[in-house]
Structure formats: C-alpha cells, structure tokens
Amino acid sequence: MTVQASSGLRDTLLVGFCALFLLVTKMALRLNLGIPGHAMFFTIFFLILPRAVTGRKLAATATGLAAGLASVLLGMGKGGPLLLLKFLFPSLCVDLAFLLFPGMGGSLLFCALVGLVAATTRIVGVAVTDWLVGMDPAIIMAHAFIKTLGGALFGALGGLAAAPIIRKLKVRGLLPQGR
C-alpha cells in the first residue's frame, strides 16, 4: 500500500530543496572567479523554478526567505542581517511578476526579463551596505551600479535556464497548463 504525499507537502519539499540548492551553489561560488554577479545565475534559477512549478503565490519568497535566513545563520557574506535582503528582494520580484503575468512561466523572454529585473534589486542591498559603512553617495551609486550590472546579466541567463525546464514539465503533463 502506497501513501501519496499531499500537494502541499510536495510543494513545501520543492521549496525546501530549491532553498538548499540555492545555498549550496552560493557556498560553491564563493570562490573568487573574478566575474561580478556570477552567483545571480543560480539565485534566479532557483527562485523562478519553485514559483513556476508549484504555482503557489509566495513560493519564490518562501525559497528566498529560507535561503536568506540560513545564509545569515551560517555567516555567509559580509552584510550580516542585511544579507537577507539579497535573497528577499529578488524573490519578491519573481512572485510579483508571476502574479501579474500568470501562465508565462515557460516563455523564454518572460523568464529572462524576470531574471533581469529581479537581479537588479540587488542594488538596494549593496547601496544600503555601502551607506552604513559611510561611503560617499556618488561612490555608493557607482559601486552599486557596477555590482548590479553583472548580476543582472547573470540573472537573465538564470531565467533563460529555468524556462526550458518549465516548458518540458508542462509538455509532459507534470504541470497544469495555467502555471
């Protein structure tokens, strides 16, 4: 006799696994590759995927919140509690985009634009951190723009990587057509 997991449990497990994979890739990409924003590829990928697959309104936010809290507790990064913003703002942006444009999850253009816009929200966290350190406002804006530009490009690529997976899941009947 087999017991089938409820939809809510499956969705929660997917969100948890995506948050875990997001953290693992952040840990692996802490190596200095010399490419600014390269970690945004997996951040956006693992935020779009649970939102599109589960269809839950705050799935990306839950994923970002779980990954952000875990990264703060593990001491990853230089921002302390502000590190949570690096996960929370993009995840809120992903959820908002999927709420405004339902059923677009398999579109390459949509996922790329969502990834681009969600990754640009990084500018807030960078600017706040620089401001708290006491940098000059002109330097803050230049630094935040440079750090955000690379992340936005990698975010768009992460969105592009998520779209074919979502499409294949829809074609195989594993996702309802409305997601």
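**Helix α5 and its surroundings**

In this predicted model, helix α5 covers residues 108–120. Its 13 residues reach 18 Å from the first C-alpha to the last, close to the 18 Å expected at 1.5 Å a residue.

The helix has buried positions, namely Phe110, Cys111, Ala112, Val114, Gly115, Ala118 and Ala119. An α-helix has 3.6 residues a turn, so residues three or four places apart point the same way.

The interior may be considered next. In soluble globular proteins, nonpolar side chains tend to be buried together. Here the largest nonpolar core has 31 residues, and Ile48, Val94 and Ile166 are those with the most contacts inside it. At least two residues of this core come from each of α1 (7–28), α2, α3 (59–74), α4, α5 and α7. Helix α2 gives the largest share, nine residues. Leaving aside residues up to four places away in sequence, Ile48 touches Val94, Phe98, Cys111, Val114, Gly115, Gly159, Ala162 and Ile166. Among these contacts of Ile48, Cys111, Val114 and Gly115 are buried residues of α5.

Other residues lie on the surface. Leu109, Leu113, Leu116, Val117, Phe145, Ile146, Leu149 and Leu153 form a nonpolar patch there, with about 780 Å² of accessible area together. The elements giving two or more residues to this patch are α5 and α7. One of its members, Ile146, is found in helix α7. Ile146 counts as exposed because its relative accessibility is 56%, and exposed means over 50%.

Terms used:
Residues numbered from 1 in each chain as written. Predicted model: local features only at pLDDT ≥ 70, side-chain atom pairs only at ≥ 80, totals over all residues. Heavy atoms only, no water. Helix = DSSP H or I, 4+ residues; strand = E, 2+ residues; numbered from the N terminus. Expected span 1.5 Å × (residues − 1). Buried < 20%, exposed > 50% of the residue type's maximum accessible area, 1.4 Å probe, protein only. Patch = residues over 30% accessible without salt bridge, like charges linked within 9 Å, V, L, I, M, F, W, Y side chains within 5 Å. Areas by Shrake-Rupley, 256 points an atom, 1.4 Å probe, with all protein chains shown as cover. Salt bridge = Lys/Arg side-chain N within 4 Å of Asp/Glu carboxyl O. Core = buried A, V, L, I, M, F, W, Y, C linked by side-chain atoms within 4.5 Å. Contact = heavy atoms within 4.5 Å.
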